[in-house]
Amino acid sequence: MGGEQRVAGACNTGSKDAACGSAPEKAAGSAVALRPVIPALLGLIAGVWVGERSPHWAAWAWWALGAAAVFGAFRAARRNPSTAALPLFFAALGYLLIQPWVTSELPPHHVSRFAGPVTWQVTGVIDAAPIIGAHRLKFVLRAESLADSGSPVAVSGKIQVTVVGAAAGLAAGDRVMLPSRLSPFRNFNNPGGFDYRRYMAFEGVRVRAFCSGKEVVVLARSPLSGFKDRVNRSRDGVAAAIDGSGDPLARAVLKALVIGRREGITPEVRDAFNRVGIGHLLAISGLHIGIVATVFFRSFSWLLARIEVLLWNAWTRKGAALLSLVAVVGYGLLAGMSPSTQRAVVMVAVFLSAFVVEREPDLFNTLALAALMILIVHPPALFAISFQLSFAAVFWILFGLRWIPAGSRAAPAAGADPRWWAGVRRVGVFFWVSLLAFLGSLPLVMVYFNQVSLVGLAANFLFVPLIGFVVVPLGVVGAGLLAFSPFLAEQVFRIATVLLAWGLAGVESIARWPWAAVKTVTPSILEVICFYAALWGALHWLRPPQAASPEGAPAAIGGGRRRSFVALLVLAAALLTAAGDIGYWVYQRFGRSDLRVTVLDVQQGSCALVEFPGGECMLIDGGGFPDNTRFDIGERVVAPFLWRRKIRTLDTLVLSHPDSDHLNGLLYVARHFNIKRVWSNQEAGENSGYRVFQEILAQRAIPQPDFKSLDRNCRIGGVAVEVLYPPTDFLEKLEGDGWRNTNNNSLVLRLRLGAHVFLFPGDIMAPAEAELVQSVRPTAGAVTLVAPHHGSRTSSTPAFLNWSQPNTIVISSRGGARGQQPHPSVLARYRALNVPVYTTFTHGAVAFETDGRGLRVHPFLKDGPICNTEWNQF
């Protein structure tokens, strides 16, 4: 506003400068002139995004960068600078900056070039403190050399090392040697799945290694001489001091809040915080850094205002900002300066610097400048969850504070205590800020975590003041006191842990409420855009009336009406688009008349989703690893896929047999989805997963009909569903028939729609295949076969293949030499049939669609070795 008045005044004096134009022109250009960083940031974001998805166009980006620079220099030389070229310049810059992380042009001796079956003696230096887990630890190794039988080869690059079993006190900076093969990272290649390979590439790590603890040889301990080593020693000292006070669980949380070490936080505590909607408190981020900056800035301002010489020289705010900046950087170092902490420190430092240079900060420009600096230094930060959540929350807080409800700005009522009224106003502002942060981050939370806390707003109102504004500053003060008085530091830590113990009790109590949180489907990019557009329109439309402008009330009223009209249009467009999107998904889920089957990539295991005409869903097995504490396939792979398909209810959950690679992924699904019924052969498994599975079914009262009474021939949405195997009396035959193990007792399902058949034989092997062939008539029609037992050589006998007569085969397997699945002999039999063969190892998830006449195949990875995506008419 002030900028517009100054320009108008200059033009009214009769100036002939070219800058003086019509009022509409100046009004249109003022936003860009006052906030030049915003178009630069938007251009940089666009360039990084495009560069990550479409690399190898660097030459064109260089041309664009040069053209924008020449244009800007030309306008500056004519004393008529323009920001018009800023978006193009920074878009080209962003495209070029992201290229080192997304291209495969690595140095000749980069460690990733040595991935393969050879076992190397790897020598290198541990880059950061190892992460300690259950019976294992992980660390990143800066590789120096590789050796096999010959002389060592000098290499560069980083390796993610997983050490199983005890390892002798490894620490950052240790130089170690260990034997291992090097393997590239492998994704679970399913639609919408997490791109772990890209994530690790953004961290600068391209390969991984595995070894046992006893195989790690420490060649030299860290010299503990550099600044980083001194910081690590200080962090160790703080950890030791915290360990000497209070409740063990509270100590673990306090260490996470103060020094960023979260190893001691149990999954149960982490889940409780997430259900209550305050999971962000456990990871040091912009909230923690901002709170520390606020507390210290206010404290230093109060203290320096009592020093007369500083007060007279107007140095109270500048001095408080400088001292707060020292505290913020110190806290960041103490917290380990993780990427999210670094971004938060930069953001807060940019805000504090505005006080030092004695300029009232334009908060949006300052926020944009912080994001610009972060992305220029580390462009992959754009794809980090913490970056997106932090800047989204802060942006909407700043945006919404301009529309703060008028009641919280009103003058105190007659006779009211001003201090009481000020307290009420602060509570109102805090509630409004919490609401804005909740709404601003809601779509991203749903995208990345698929959970919304129904008590989150109230919980933040309760626990952020306690943990954020009391416990965190106490922890930082205690860490600072440790160097001067360990006794006082210990007392401060003890007070903090007592307060934390009270808070933890409250969190766990609220988390037990059944309705504390709900799991949500994953919103699409279109749905996220609709939400933010609707939020923008609603805030503009509901904006309270402003004071009249100096030019007169009519202009202000006219501007307000125009703003309300535009906001109403945006809001209406967002709601109409959202309604159309809802209609699309209702049709996709419940209106289609075809049968859809998706065999998911769960590596060494099996999982298939069946979507029947009319919308009923069946999940056949869930994949899984032997130990769900290491990696839960259900939580990390199966559930996100279902949520992305807008599925929260499974009408039928099928467990073919209780082996962990079919069962363990179902545990999370059974616990967090609406399950109407479970089909299984009810053979008890010897693993703990089966016991947990039965407990979940009992707790949630999920029906599981007895196997003998199971309807072995039914129709779902016009699709014939048959349970072909095992025989109803197989349990009575277990003792007499030694070959009847869990694999051979697998449920075998056959689904038929028109001329097309899908056959799911579980893990049956040769004896079960022989019994099946003898007892069930041959399968007629165009058969899509899910290979029995992952293509193992114990299955897929010639008699079984002759009986099933498959027209298409899909193998769910990890691939590779380990376990020989699929086995070369079985692959040879499949190839002899001269039919398309897909494997989840090479094609990722494989989706099939049929209307009963034709079959369409959609492999997730289109460039697999055997691939046909055309309609197959049989």
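This is a predicted model: local features need pLDDT of at least 70, side-chain atom pairs count only at pLDDT 80 or more; totals for chains, interfaces and linings use all residues.

Colleague: What makes Arg221 and Asp174 a salt bridge?

Modeller: Their side chains meet at 2.9 Å, N to O. The limit is within 4 Å, so this pair counts as a salt bridge.

Colleague: And why is Arg221 called partly exposed?

Modeller: The relative accessible area of Arg221 is 45%. Partly exposed lies between the 20% for buried and the 50% for exposed, so Arg221 gets that label.

Colleague: Why is this pair said to tie parts of the chain together?

Modeller: Arg221 lies in the loop between strand S8 and helix H7, and Asp174 in the loop between strand S5 and S6, so the pair ties together parts that are 47 residues apart in sequence.

Colleague: What about Glu144 and Arg175: how do you know that they form a salt bridge?

Modeller: Their closest N and O atoms are 2.8 Å apart. That is within 4 Å, so the pair qualifies.

Colleague: Which salt bridges are linked in a network?

Modeller: One network links Glu52, Arg53 and Arg198. Within it, the side chains of Arg53 and Glu52 meet at 2.8 Å, N to O. A search of the whole structure finds 24 salt bridges.

Colleague: Now the rings. Why is the pair of Trp643 and Phe673 called stacked?

Modeller: Their centres are 5.4 Å apart and their planes are at 15°. Centres must lie within 6.5 Å and stacked planes under 30 degrees apart, so the pair is stacked. Trp643 is in helix H21 and Phe673 in the loop between helix H22 and strand S16, 30 residues apart. Trp643 counts as buried at 3% relative accessibility, and Phe673 counts as buried at 1%.

Colleague: What makes Phe707 and Phe730 edge-to-face?

Modeller: The planes of Phe707 and Phe730 are at 90°, with 5.6 Å centre to centre. Planes over 60 degrees apart count as edge-to-face, so that is the label here.

Colleague: How do you know that Arg198 lies over the face of Phe383?

Modeller: Arg198 is 4.8 Å from the ring centre of Phe383, and the distance limit is within 6 Å. Arg198 lies over the face of that ring.

Definitions and conventions. Residues are numbered from 1 along each chain as its sequence is written. Side-chain values use heavy atoms; hydrogens and water are left out. Helices (H or I, at least four residues) and strands (E, at least two) are DSSP runs, numbered from the N terminus. Buried means under 20% relative accessible area, exposed over 50%, partly exposed in between (1.4 Å probe, protein chains only). Rings of Phe, Tyr and Trp (its six-membered ring) pair if their centres lie within 6.5 Å; planes under 30 degrees apart count as stacked, over 60 as edge-to-face and the rest as tilted. A charge sits over a ring if NZ of Lys or CZ of Arg is within 6 Å of the ring centre and within 35 degrees of the ring normal.
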